Amino acid sequence: MPRSNRPRRPASGKPGIAGGKPVGKKGNGDVPELDLERARAGIARRESAPDGEWTVRTMTARNAEKTYICPGCSTAVVPGIAHLVVWKDDHIFGAAAGLAERRHWHTNCWLSRTYRYR
């Protein structure tokens, strides 16, 4: 059976508007707006490699506003290019020191990196 594109009516049979505002599913007022950029970017994830534990966060092209030097290829990560922000999770001086030494990598450079120390 085809799906109807017509909005559903509340159980009471009255329009789904209370005081000029659309009523949510349970009738408790406003429905929070979804931030699509944040949902697409995701949260930081942990990766294990022979050179240690890493925290990797995706930086979307929309949020990339500065120029950084990629440690993988030593070229610029220019504004408007999606890339990864990476820091050591098991830093010898603690998590705060690892976060302070985070680096911005091209996605392909991070995926194809070698595991030797630089």
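# Briefing: salt bridges, core and aromatic cluster

By the rule used here, the protein has four salt bridges, a salt bridge being a side-chain nitrogen of Lys or Arg within 4 Å of a carboxyl oxygen of Asp or Glu. This is a predicted model, in which local features need pLDDT of at least 70, side-chain atom pairs count only at pLDDT 80 or more, and totals for chains, interfaces and linings use all residues. Residues are numbered from 1 along each chain as its sequence is written, and side-chain values use heavy atoms, with hydrogens and water left out.

**Overall make-up**

- The protein has three helices and eight strands; helices (H or I, at least four residues) and strands (E, at least two) are DSSP runs, numbered from the N terminus.
- Read from the N terminus, the order of elements is β-β-α-β-β-β-β-β-α-β-α.
- Of the 118 residues, 22% count as buried; buried means under 20% relative accessible area, exposed over 50%, and partly exposed in between (1.4 Å probe, protein chains only).
- The protein exposes about 9600 Å², and carbon and sulfur atoms supply 54% of that area; accessible areas come from the Shrake-Rupley method with a 1.4 Å probe, and for residues only the protein chains shown count as cover.
- Among contacts between residues at least 6 apart in sequence, 47% join residues at least 24 apart, where contact means heavy atoms within 4.5 Å.

**Nonpolar core**

- The largest nonpolar core has ten residues: Ala 49, Trp 54, Val 56, Cys 70, Val 77, Leu 84, Val 86, Trp 105, Cys 109 and Trp 110.
- Strand S4 (52–59), strand S7 (83–88) and helix H3 (107–111) are the elements that give two or more residues to this core.
- A nonpolar core is a set of buried Ala, Val, Leu, Ile, Met, Phe, Trp, Tyr and Cys residues joined through side-chain atoms within 4.5 Å.
- In soluble globular proteins, nonpolar side chains tend to be buried together.
- Val 56, leaving aside its neighbours within four places in sequence, is in contact with Ile 43, Ala 44, Arg 45, Glu 47, Leu 84, Val 85, Val 86 and Trp 110.

**Aromatic cluster**

- The count comes to two aromatic pairs; rings of Phe, Tyr and Trp (its six-membered ring) pair if their centres lie within 6.5 Å, and planes under 30 degrees apart count as stacked, over 60 as edge-to-face and the rest as tilted.
- Trp 54 and Trp 110 form an edge-to-face pair, 5.5 Å centre to centre with 75° between the planes.
- This pair links distant parts of the chain, with Trp 54 in strand S4 and Trp 110 in helix H3, 56 residues apart.
- The rings of Trp 105 and Trp 110 have centres 5.1 Å apart and planes at 75°, so this pair is edge-to-face.
- Trp 54, Trp 105 and Trp 110 form one aromatic cluster.
- Trp 54 counts as buried at 15% relative accessibility, Trp 105 at 9% and Trp 110 at 1%.
- Arg 113 lies over the face of Trp 110, 3.5 Å from the ring centre; a charge sits over a ring if NZ of Lys or CZ of Arg is within 6 Å of the ring centre and within 35 degrees of the ring normal.

**Salt bridges**

- Side chains of opposite charge can pair when their charged atoms come close.
- Arg 46 and Glu 53 meet in a salt bridge at 3.3 Å, N to O; Arg 46 is exposed at 57% relative accessible area, and Glu 53 is partly exposed at 24%.
- Arg 46 also forms a salt bridge with Asp 89, with the closest N and O atoms 2.8 Å apart.
- Arg 46 lies in strand S3 (residues 45–49) and Asp 89 in the loop between S7 and helix H2 (95–100), so the pair ties together parts 43 residues apart in sequence.
- Asp 89 is partly exposed, with a relative accessible area of 27%.
- Lys 88 and Asp 90 form a salt bridge, the closest N and O atoms being 3.6 Å apart; Lys 88 is partly exposed at 22%, as is Asp 90 at 40%.
- Salt bridges that share partners join Arg 46, Glu 53 and Asp 89 into one network.

**Leu 111**

- Leu 111 is placed in helix H3 and is exposed, with a relative accessible area of 64%.
- Leu 111 and Gly 72 are 39 residues apart in sequence and 9.8 Å apart in space, C-alpha to C-alpha.
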